[in-house]
Amino acid sequence: MQWRELERAIADKRTGSLTTWHATYIVWLTLAMLIIGSHLFFIVLILAKRTLRMQLKNLLIVNICLVNLMMGGFIMPTVIHLILDSSEDECVLRMTVRALNDYLQPALSVLTAIALVIDRFLFIMQKPVTTKWLRIVVAVVLMIMPWVIGVLLALPLFFKSFEMGDPEMGCVQEVNLWNIVCAHVICFVLPSIPLFILATLSGLCSTNKKKIPPKELMYDCRDKPISFKGESIKVVVLVCFMTIFPEVPYFVISLLRYTTSCDQPYCLDFFQALKVSVWLRAAKALVFPFIWLWFTDIKSAIICRPTGAADEEDDDISDDQPTDMSQQDTMLLRYR
């Protein structure tokens with residue numbers, strides 16, 4: 001599958017050529033700007049408010065936001081640039097976008113979701129990490145390892161599968177078909193299996209536990225963040241679904257186009273399916289900000305307007321004085 005085919009999946013030849021602006025490009029860039037704005041909003045919200053950034057689950061949400069920003073902030077605008085500017089000196093950029101779009105971004109998307117699901121699984125199972133230094137180690141591992149594993153998996157496989165070739169053929173040339181198939185499977189299917197298993201176990205384990213009636217609690221803007229098991233289960237299910245299933249059509253169609261040859265008129269249906277899958281992948285990144293609103297602490301931080309004294313008061317609380325409210329989340333980086 002040549003890179004030109006992916007570019008034409010964004011372009012609409014019925015309303016304009018590949019080198020002129022039309023409504024399809026404007027919608028594509030508008031979608032990219034919405035992805036950038038929504039994810040930057042949650043990143044700034046979490047990092048700016050101390051009661052949010054001290055919880056590991058929120059930092060893992062920042063990780064996922066950064067991966068989605070790779071799609072909305074770089075891949076999508078760059079594809080439009082490459083469609084409109086077909087100069088021969090853009091081969092390096094085409095190779096970069098191809099590596100990120102087909103391999104690194106899908107791998108990082110699944111791996112960062114696994115890190116968040118692991119954190120929520122420990123919370124649902126009521127297995128908190130109480131030792132301070134161990135909490136820090138777990139936090140660093142869950143935040144850094146998805147990026148390290150993703151880069152080590154995706155980039156070597158990409159460079160063994162493709163090489164820079166003729167600009168008229170899209171610059172990106174296939175080298176080894178077997179490596180291409182293995183790269184797609186390793187970068188997407190392999191990490192998706194543990195993500196699906198963990199999400200399933202989280203739901204099953206939560207239903208097997210004895211349910212305790214929730215206490216009547218009023219959430220005030222000055223309260224510490226609260227994370228309930230019910231909302232954590234919903235987030236785990238939604239994250240798993242939105243991470244895996246919108247990627248499946250693109251994955252299947254890509255493999256079919258690499259491994260099969262078809263010269264019949266009905267083969268054009270593959271191109272239409274590719275076009276739908278490309279837009280589906282882009283649209284899924286816009287759904288994630290709505291998923292984070294399931295968390296009570298994040299939703300309340302958006303709705304409530306604290307006086308500003310709450311964050312200063314947090315500094316007076318000792319690391320060795322856990323509160324009842326802080327114990328409702330398993331992976332606080334420190335007790336408050």
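What share of the contacts in the chain with a separation of 6 or more comes from residues 24 or more positions apart? I looked this up before anything else, taking contact to mean heavy atoms within 4.5 Å, and the share is 80%.

I note that this is a predicted model, in which local features need pLDDT of at least 70 and side-chain atom pairs count only at pLDDT 80 or more, whereas totals for chains, interfaces and linings use all residues. Residues are numbered from 1 along each chain as its sequence is written, and side-chain values use heavy atoms, with hydrogens and water left out.

**Overview.** I find 13 helices and two strands in the chain, these being DSSP runs numbered from the N terminus (helices H or I, at least four residues; strands E, at least two). Of the 336 residues, 49% count as buried, that is, under 20% relative accessible area with a 1.4 Å probe, protein chains only.

**Helix 2 and helix 4.** I looked next at helix 2 (residues 23–48) and helix 4 (residues 56–84), whose axes lie 9 Å apart at an angle of about 155°; axes are lines fitted to C-alpha atoms over the stretch in contact, and angles run from 0 to 180 degrees between N-to-C directions. The two helices are therefore roughly antiparallel, a word used for angles over 145 degrees. Their contact has 23 nonpolar, five polar and no charged residues, where Ala, Val, Leu, Ile, Met, Phe, Trp, Tyr, Cys and Pro count as nonpolar, Asp, Glu, Lys and Arg as charged, and the others, Gly among them, as polar.

**Helix 2 and helix 12.** The axes of helix 2 and helix 12 come within 11 Å and cross at roughly 95°, which makes the pair roughly perpendicular (65 to 115 degrees). I see Phe41, Phe42, Leu45 and Ile46 of helix 2 meeting Ile298, Ala301 and Ile302 of helix 12, and this contact divides into seven nonpolar, no polar and no charged residues. In helix 12 (residues 296–303) the buried residues are Thr296, Asp297, Ile298, Ser300 and Ala301, and they pack against helix 2, helix 3 (50–53), helix 4, helix 8 (229–244) and helix 11 (288–292).

**Cores.** Ile298 came up again in the largest nonpolar core, where, of 39 residues, Ile61, Leu195, Val239, Trp292 and Ile298 touch the most other members; such a core is a set of buried Ala, Val, Leu, Ile, Met, Phe, Trp, Tyr and Cys residues joined through side-chain atoms within 4.5 Å. Apart from this core I noted another, of 36 residues, including Met71, Met95, Cys187 and Ala285.

Conventions:
Angles under 35 degrees count as roughly parallel, over 145 as roughly antiparallel, 65 to 115 as roughly perpendicular and the rest as oblique. Buried means under 20% relative accessible area, exposed over 50%, partly exposed in between (1.4 Å probe, protein chains only).
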